[in-house]
Amino acid sequence: MIDMLVVDLSRWQFAATAMYHFIFVPLTLGLSFMMAIMESVYVMTGRDIWRKATLFWGTLFGVNFAMGVATGIVMEFQFGMNWSYYSHYVGDVFGAPLAIEGLMAFFLEATFVGLFFFGWDRMSKVGHLVVTWLVAFGANFSALWILIANGWMQNPVGAKFNPDTMRMEITDFMAVIFNSVAQAKFVHTVSAGYVCGAIFVLSISALFLVKGKHVEMAKRSAVVAASFGLAAALSVVVLGDESGYVATEHQKMKVAAIEASFHTEPAPAPWTIIAFPGADGETAWSISVPWLGGLITTRSLDEELEGINELVDRAQDRIRSGMIAYEALQEIRADGTNTEARLVFEEHWQDLGYGLLLKRYRVDVENATPEEIAMAAEDTVPDVWPLFWTFRIMMGLGFFFIAFFGLWFYRASRGWIDTNKPLLWVTVFLLPTPWIAIESGWFIAEFGRQPWVVEGVLPTFYAASSLTALDLILSLSFFVLLYTVLLIIMVILMVRIVKAGPKEKLFTHTDDEDDFVITTLPVTPATKELGS
Amino acid sequence: MSSIPLDYETLRLIWWLLLGVLLIGFAIMGGRDLGVGTLLPFVARTDDERRVLLNLVGPTWEGNQVWLVLGGGAIFAAFPPLYAVSFSGFYLAMIVILLALILRPVGFKFRGKVSDTRWRATWDWALFIGGFVPSLIMGVAVGNVLLGAPFHIDDTMRIFYTGNFFQLLMPFALLAGLVSLGMIVTQGATVIAGRTEGPIAARARTYGIWAGLVTIVLFALAGVWVAALNGHVVTSVIDPNAPINPLAKTVDLVPGGWLSNYATYPWMMAAPIIAFAGLLVAVISLRGGLKLVALLGSSAGIFGIVSTAGLSIYPFFLPSSTMPNAGLTLWDASSSHLTLFIMLLATAFFLPIIVLYTGFVFRVMRGPVTSDSLGKNPNAY
């Protein structure tokens, strides 16, 4: 029987390591592009202040990037370590985008990031600029392939179950790549990263402005961040809406849970702003905007948005069909030449995953009782209220970012960058907000997909490795402990780097013939501060 | 499936070779940095000397580590059951490797940001652990592969591993771990000797010569030991084009069976010969001060040693000690025909580009590293 403690601990470990990893990734995505923009301005105008800015943000980027690499390698290995049945069951499909991520993206990013830091005085201006752009593109291609892999978990297209190998296999790789869910999620996720980078730059620049330090660099950085951030914030909300729309097609239950819509509403459904549960767990009290829900999810006024209870009834039908598929599969496994069973399986294989939901209750799923079928159907409902609230936090922040960057953009275009102290202070304290929105987003994407690890194909509890609880307690505590210590150190180092500010005279390029005197500098500004 | 221009058998063989290329790529490229990390506290004694070593590998180590990431990704994509069994079976060993690897990026980046002596010494040891532990444990894992891992598979292809962490530390496996550590230290020493000057280079030469000699002896010892181990031999007829099913075959244990491939395919003898010759060349060139030849010799030694391990167990990837039939081979642990083909296209396109730009980055960063040269770059570690 399946050890649910091991499953739960495996989920905690994956959630913890993934959410830690995604503290660093969005900043890498956003900062790398902003550094590339600043360095481009430097190369075009030849003004040293832009090189200074690139180097300053680059120092912070480097510390963050190191944490991203440290936590990233765990992600790639964890599928096999903790989710070995998953790795077997969908590796034929899911492994490919992950491997291509390494080939196309991470190799590019990791190889050139060394030159970004060490190549300044060994390359021409343009040469180094190309390196910086390659790092930024590497990071973003990386996100593309990871989101293709994740998109397939949300909407498993282009693949079919093969009873002879007991796994999902690719039938149409183009469908996996151009999965509508993956494409919407990719742009939504990288845009969120750009927002994160923009807030980071804007917030630290605001701190400099409020303190009256490094004003020239801070002003220029703020202008770049405000414009880049405004474009990104618009994109994140538009593509978030697109993600919601495609989820309505492929993940009805997730959308119903996010909206806490327990019953199918007559079209067009209202959109609930806030709601509170009653004793039965269903909505007891709410404030709603009429029509808006139907418009967001179905983009129409006449299509219905199905409620949780109706979807549970539909899940019961699919579980029954899945039991037939499971029985046929057993017959094929016993006798590969049984063509009759293959025909039955062909008819019902799409519901095999629903049949596997019963594995939680009995081994021989083909003999499940109506009560067990009802329980398995109830299992298809994720926890409604955490999803409902995190979604509203994320969305509220998304709209707030548009307004906030809009304000900054307007003021910057008027030249009012450092004139409003209260706004600068607010900007400083907004620093953590993009992470709240981003981590909420991943929570919704992954927690909202439960009980599935691959939507409709493989239940999460059925996908874990046959490890012991002790294995997981050890690994989970080591990871959390080490990551937390490193995160604290990283934050302390970043504060020191910000306090020290940008360096004054910097290296020369190989093509700066008139400027070949190289100023010797201490290792880092932090060292200088210590004075030792 | 008729639209795929290469048959399933050929693709499986190509991917078996490609996996070897990626793992050897990591052992040679990543071995540079792991070796330098392992030698860091011994070869470099002052802060200046340590900074020379860190800045020697600093600009390129991140790219080199991607060979490992890509190796992991390629196992996942091309041989999912192998990925599933090996990573979950060796769970705690993998955790130890990961915890050690996590220390590397932060060690490089954080160390130089504060000039306090204790701070720097702490990160020096972290970087040592980050080099030493993976070098040793990866070899121990290969040793356990040759011994067979205690796992079985049920009809749904679910994997059950019945060993524990301490059972991995068998004498033969520890010997394999030392071979791995020895070859990586040799590699690190040739890198240091090649691009530094003065006392650091002199110490690196000494360490490299000794590590090379010890590796030669241990590798020979492992070869003799393998003759006494049970090798796994497939006794049923293999259909190299069949859908995967590890349980369909029968396997016999034959004492000394891991050496039988060298009788069947005499060309495979090239691998251990290259291993010994490469290491010998490395040792002699280190003594004679031929820096580039030493590095090439050491790299050839790694190529030979890793190839020897892979060829000895062919067609197996991961034999099972408790249910020999369930042992994974390249014929019954691969992805589907179509996936192998798609992945081959992607690899054939990107791998040459990767090699080109890696070469470019190494060329830009070429030349000796001295403590004087570090002052010029405020980004230096």
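Two residues are in contact here if their C-beta atoms, placed from the backbone, lie within 7 Å. With that in hand, here are some notes on this predicted model.

1. **Where the chains meet.** By that contact rule, 69 residues of chain B are in contact with 73 residues of chain A. On the chain B side, helix H3 (61-78), helix H4 (80-89), helix H5 (91-111), E2 and helix H12 (337-364) each supply at least two of the touching residues.

2. **Chain A as a whole.** You will find 18 helices and six strands in chain A. Its C-alpha trace spans about 85 × 50 × 40 Å along the principal axes. A compact globule of 532 residues would have a radius of gyration near 24 Å, and the 26 Å of chain A agrees with this. Buried residues make up 53% of the chain. Of the contacts in chain A with a separation of 6 or more, 77% are between residues 24 or more positions apart.

3. **Chain B as a whole.** Chain B has 13 helices and six strands. Its radius of gyration is 21 Å, close to the 21 Å that the globule rule gives for 381 residues, so chain B is as compact as a globular protein of that length. The C-alpha atoms of chain B fill a box of roughly 65 × 45 × 35 Å along the principal axes. Of the 381 residues in chain B, 56% are buried. Among its contacts between residues at least 6 apart in sequence, 80% join residues at least 24 apart.

4. **The domains of chain A.** The domain assignment gives domain 1 (4-251 + 383-500) and domain 2 (308-378). Taken over C-alpha atoms, the centres of the two are separated by 38 Å. Their contact takes 10 residues from domain 1 and 13 residues from domain 2. On the domain 1 side, the touching residues divide into eight nonpolar, one polar and one charged.

5. **The nonpolar core.** The largest nonpolar core has 301 residues, and those with the most contacts inside it are A:Met34, A:Ala99, A:Val195, A:Leu458 and B:Ile192. Helix H3 (residues 84-118) of chain A gives the most to this core, with 23 residues. Domain 1 and domain 2 of chain A each contribute at least three residues to the core. As general background, nonpolar side chains tend to be buried together in soluble globular proteins.

6. **A look at A:Val195.** This residue is among those with the most contacts inside the core. Leaving aside neighbours within four places in sequence, A:Val195 is in contact with A:Gly30, A:Gly229, A:Ala232, A:Ala233, A:Val236, A:Phe401 and A:Pro434.

7. **Helix H16 of chain A.** At 1.5 Å a residue, the 15 residues of this helix (433-447) should span 21 Å, and its end C-alpha atoms are 21 Å apart, which agrees.

8. **Two cis peptide bonds.** Most residues other than glycine have a negative phi, and most peptide bonds are trans, so the exceptions deserve a glance. The bond from A:Gln450 to A:Pro451 is cis, with omega near 10°. A:Pro451 is found in the loop between H16 and strand E5 (452-454) of chain A. In chain B, the bond from B:Tyr314 to B:Pro315 is cis, with omega near 0°. B:Pro315 is found in the loop between helix H11 (291-312) and strand E5 (316-318) of that chain.

9. **Two methionines with positive phi.** A:Met166 has phi near 60° and sits in the loop between strand E1 (159-162) and strand E2 (167-170) of chain A. B:Met157 has a positive phi of about 70° and lies in the loop between strand E1 (151-153) and strand E2 (159-161) of chain B. Are these methionines buried or partly exposed? The cut-off for buried is 20 or more other C-beta atoms within 10 Å. A:Met166 has 19, so it is partly exposed, whereas B:Met157 has 21 and is therefore buried.

Technical notes. Residues numbered from 1 in each chain as written. Chains lettered and ligands numbered in written order. Helix = DSSP H or I, 4+ residues; strand = E, 2+ residues; numbered from the N terminus. Expected span 1.5 Å × (residues − 1). Rg over C-alpha atoms; globule rule 2.2 N^0.38 Å. Buried ≥ 20, exposed ≤ 12 C-beta atoms within 10 Å, placed from the backbone. Core = buried A, V, L, I, M, F, W, Y, C linked by C-beta atoms within 7 Å. Domains from an automatic or database assignment. Nonpolar A, V, L, I, M, F, W, Y, C, P; charged D, E, K, R; others polar.
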